[in-house]
Amino acid sequence: MLRATSVVRKAAVKADRVVETLTLDHEDRTRRRLALKGDGGLDILLDLDKPTGLNDGDAVRLEDGRLVLVRAAPQSLLEIRADNPLRLMRLAWHIGNRHTPAEITADALYIENDHVLAEMVRGQGCAMSAVMRPFQPERGAYDHGHDHAGHDHAGHDHSGHDHAHEAACGCGHDHGHHDHAKHDHAKHDHDHGHKHDHEHAHGHAHGHKSHVHDH
């Protein structure tokens, strides 16, 4: 059985390296470790470092460097519509409050077919119908798809790669060199008679001049 140990996102998938296809429902596309059989009969052990949401068109990389393309399988869903956008927005809020995966389109919501959720939909005055289609719910707001397992690191030298976030977040802070071992707390004069007159001189660079907190 061949092991698939990393993820390659859709934009980086090279067709000439794809040797097999996996058609999976949403649940199986969120697993970390799972024995699978490809559409062409190849036995594959999905063995990732952490659970990772696989989207239609992504791929998993085998240990020998070949790729297995992932396709989203059609599954039973509820298609939800409303007579006005506000009602649909309210329902989306309730669905999110339950931490229920949902796919959002311009005029409909899609959730897994569940009788408890169906009752909630009715209670919000929305119309629904059962459909069979691939389910591709929204990813978390903090999941930016930045998955180092998905990068092709051939020739990518991380030894000189400073993961400072200056360019990424635009804050100008050098987050890569915050060393608490070198953080000098000797100047903290914590007189607990409530004279918090301590000079908090940060020894770490924030990308701007050293500042003193005079409390």
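Two strands pair if DSSP finds at least two bridges between them. Strands here are DSSP runs of E, at least two residues long, and helices are runs of H or I, at least four, both numbered from the N terminus. With that in place: in β4, the bridge partner of A4 is L46. β1 and β4 run parallel, joined by 3 bridges.

Some housekeeping. This is a predicted model, with local features needing pLDDT of at least 70 and side-chain atom pairs counted only at pLDDT 80 or more, while totals for chains, interfaces and linings use all residues. Residues are numbered from 1 along each chain as its sequence is written, and side-chain values use heavy atoms, with hydrogens and water left out.

Now the sheet. It is open, has 6 strands in the order β2-β6-β5-β1-β4-β3, and its pairing is mixed. β2 and β3 are the edge strands, each pairing on one side only.

Next, the cores. A nonpolar core is a set of buried Ala, Val, Leu, Ile, Met, Phe, Trp, Tyr and Cys residues joined through side-chain atoms within 4.5 Å. Buried means under 20% relative accessible area, exposed over 50%, and partly exposed in between, with a 1.4 Å probe and protein chains only. The largest core has 14 residues, and A4, L22, L36, I44, L46, V60 and V68 touch the most other members. At least two residues of this core come from each of β1, β2, β3, β4, β5 and β6. Apart from it lies another core, of 13 residues, including L88, I95, I111 and L117.

L117 brings us to helix α2, residues 115-123. Which of its residues are buried? They are L117, A118, M120 and V121. Seen down the axis of α2, these fall within an arc of 160°, so they line one face of the helix; the arc is taken over directions from the helix axis to the C-beta atoms. H115, E119 and G123, on the other side, are exposed. The buried residues are covered by elements including β7, α1, β9 and β10, where contact means heavy atoms within 4.5 Å. Just after α2, G125 takes a positive phi of about 75°.

Last, Q75, in strand β7. Is Q75 buried or exposed? Its relative accessibility is 12%, so Q75 counts as buried. The Q75 side chain reaches the backbone nitrogen of H26 at 2.9 Å. Beyond neighbours within four places in sequence, Q75 has contacts that include D25, E112, V131 and F135.

Note on methods. A polar contact is a pair of N or O atoms within 3.5 Å; within protein, one must be able to donate a hydrogen and the other to accept it, and residues adjacent in sequence count only if both atoms are side-chain atoms.
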